[in-house]
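Visitor: Please pick one part of this model and take me through it slowly, up close. I'd like to know what sits against what.

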Amino acid sequence: MSDERDAAGEAPDVVDPSNDPAAPTSEPASNVAEPQRNGVLNAIAAFSRAHRVPLMIAGSVLAFGLLGTGAVVAGAASGSGGAASATLTATPAPTPTVDPARPVPAAVAGASRLRTCSVADRAADGRLANFQAQVMNAATGEVLYDRGGTTASRTASVMKVLTSAAALSVLGPDHRAATTVVKGAEPGSAVLVGGGDVTLSRTSSGTETVYPGAAHLDDLAAQVEASWAADPANPPLTKLILDSSYFSGDEWEPSWNLKEREDGYMSNIAALMVDGDRDNPGANTSWRSADPVGRAGDAFASELGGISVVERGTAPAGAQQLGKVQSPTVAQLVDKALVVSDNTAAEMLARLVAIETGAGNTFGAINAGVLQGLAGYGIDTTGITVVDGSGLSDDNAVPPSYLTRLFVKINAREGNLGVLMDGLPVSGERGSLGYDDRFSGDNSVADGAVSAKTGWIDTGYTLSGVVRAQDGSTLTFAIYALGDVSDDAKQAIDTLTTGFFLCGDNLSNQ
């Protein structure tokens with residue numbers, strides 16, 4: 001340490017510790033150089049005089065400074081009296097480091113709310129058979145209740161929710177399917193070209209069928225007759241060709257039970273038919289034939305009159321159009337598919353989606369088409385299998401967790417999904433949840449609070465939608481009762497759903 005001088009340029013007095021009886025008698029540490037020791041002594045002496053510190057204490061400080069880990073920093077400063085000063089500074093302790101390989105505790109997650117409202121007794125009802133369910137708070141996204149919620153299983157008619165959502169995304173709510181008539185290649189012939197409209201009716205215009213807004217064959221026939229008569233060169237119209245090539249492949253999905261057709265719940269699926277191929281155009285449930293295209297052709301030939309030949313074929317390219325009618329909108333078809341669970345309307349939507357997305361025009365194309373239509377909603381569709389648009393097949397597979405997430409978006413009316421929300425049955429009030437055997441008795445407390453799609457096939461009953469709970473919360477849910485089930489599974493499902501309504505956001509997963 002170099003000598004320090006006062007402002008006058010004179011060296012401060014130095015006290016020789018050897019003359020002080022109080023000074024330590026031990027030698028300084030051998031590794032301290034003599035000049036350094038003298039500098040330190042001088043600084044301490046100056047500090048002692050300026051601050052009235054006994055030299056004995058100063059010596060102790062020296063010993064500490066020489067032997068310890070601290071460092072002595074001496075500074076002399078002078079005012080008019082030439083006083084000197086010294087400052088003691090401890091060497092900073094090294095900053096602790098953490099071995100990167102050493103495990104570090106993760107941040108502690110915030111405690112979730114303790115919920116106390118249990119539906120365990122309702123969920124234990126044997127009528128639910130192989131039971132799966134999930135419930136989500138629509139506002140927070142928190143899963144409140146889960147029983148096999150991520151396992152993909154058959155949905156029954158709840159599949160119509162996916163079909164409708166895909167159609168609203170791909171086709172849009174205002175899309176309509178057209179049925180046309182064009183001039184045939186042979187003189188005196190015309191071609192009836194089906195465009196996938198299953199609602200086209202053989203009843204007289206102005207007659208209300210099961211499909212509100214349906215087009216009528218008599219209107220189409222009148223257009224054709226006027227167009228035909230407008231060209232004097234045309235011979236009499238005597239031949240009708242039926243073109244149903246817009247759909248191809250099987251008309252009946254192989255996994256469907258044929259009794260669905262005999263019992264009047266489902267038709268063969270063809271691009272050309274009338275009244276959903278019902279015997280009774282005014283009845284939702286009515287026997288269907290094995291040849292919807294032939295039935296439509298015969299009905300149109302009768303409207304035209306003078307037709308002696310009806311056969312199958314395809315329209316010539318670029319043929320003159322003689323007439324055109326259009327189906328109800330997709331929004332109207334979605335309402336029909338949901339509120340009374342119309343299977344044929346749902347299959348029409350699924351096939352049109354598959355065609356529009358470029359997936360194809362067969363049953364086999366529906367999976368790719370519908371999944372592409374759902375992709376825009378941003379929910380993972382991994383593990384989902386879509387065999388049909390109606391849900392009749394046991395081979396469909398959708399996890400309840402997908403439905404709870406999709407219904408969050410439906411409830412928020414995202415994109416065109418408000419159409420779907422408005423088309424759902426409502427407990428005790430509308431559609432298939434308004435029947436006498438749904439939400440009756442004690443479950444009527446939830447009347448008007450549940451908007452959901454029902455489902456029923458021989459091997460399962462299902463329900464999925466939105467609950468506006470008693471406490472003001474909004475829940476989305478899906479319930480599957482699968483396996484050996486009977487009709488009273490519906491009441492067990494309603495009772496469990498009512499439990500969700502009563503518990504609201506206090507629903508326990510226990």
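**A sheet, its helices and a core**

Guide: Let's start with helix 5 (residues 217-229), which lies across strand 5 (178-183), strand 6 and strand 9, running at about 160° to strand 9. Keep in mind that this is a predicted model: local features need pLDDT of at least 70, side-chain atom pairs count only at pLDDT 80 or more, and totals for chains, interfaces and linings use all residues. Residues are numbered from 1 along each chain as its sequence is written, and side-chain values use heavy atoms, with hydrogens and water left out.

A few ground rules: helices (H or I, at least four residues) and strands (E, at least two) are DSSP runs, numbered from the N terminus. Contact means heavy atoms within 4.5 Å. Axes are lines fitted to C-alpha atoms, for helices over the stretch in contact, and angles run from 0 to 180 degrees between N-to-C directions.

Helix 7 (residues 292-304) also lies across strands: strand 5, strand 6, strand 7 and strand 8, at about 150° to strand 7. The sheet itself is open, with 5 strands in the order 8-7-6-5-9 and mixed pairing; two strands pair if DSSP finds at least two bridges between them. Strand 8 (309-312) and strand 9 (321-326) are the edges, each pairing on one side only. On average, neighbouring strands are turned by 20° against each other, direction ignored. Zoom in on strand 6 (residues 189-193) and strand 7 (residues 239-243): they run parallel, joined by 5 bridges, and Ser189 stands opposite Lys239 in strand 7.

Now for the greasy part. The largest nonpolar core has 53 residues, of which Leu162, Leu374, Leu406 and Leu420 touch the most other members. A core here is a set of buried Ala, Val, Leu, Ile, Met, Phe, Trp, Tyr and Cys residues joined through side-chain atoms within 4.5 Å; buried means under 20% relative accessible area, exposed over 50%, partly exposed in between (1.4 Å probe, protein chains only). Helix 4 gives the most to this core, with 7 residues. Leaving out residues up to four places away in sequence, Leu406 touches Val161, Leu162, Ala165, Tyr377 and Ile379.

Last stop: the axes of helix 4 and helix 10 come within 8 Å and cross at roughly 65°, so helix 4 is roughly perpendicular to helix 10 (under 35 degrees is roughly parallel, over 145 roughly antiparallel, 65 to 115 roughly perpendicular, the rest oblique). Leu162, Ala165, Ala166, Ser169 and Val170 of helix 4 meet Val370, Gly373 and Leu374 of helix 10 there.
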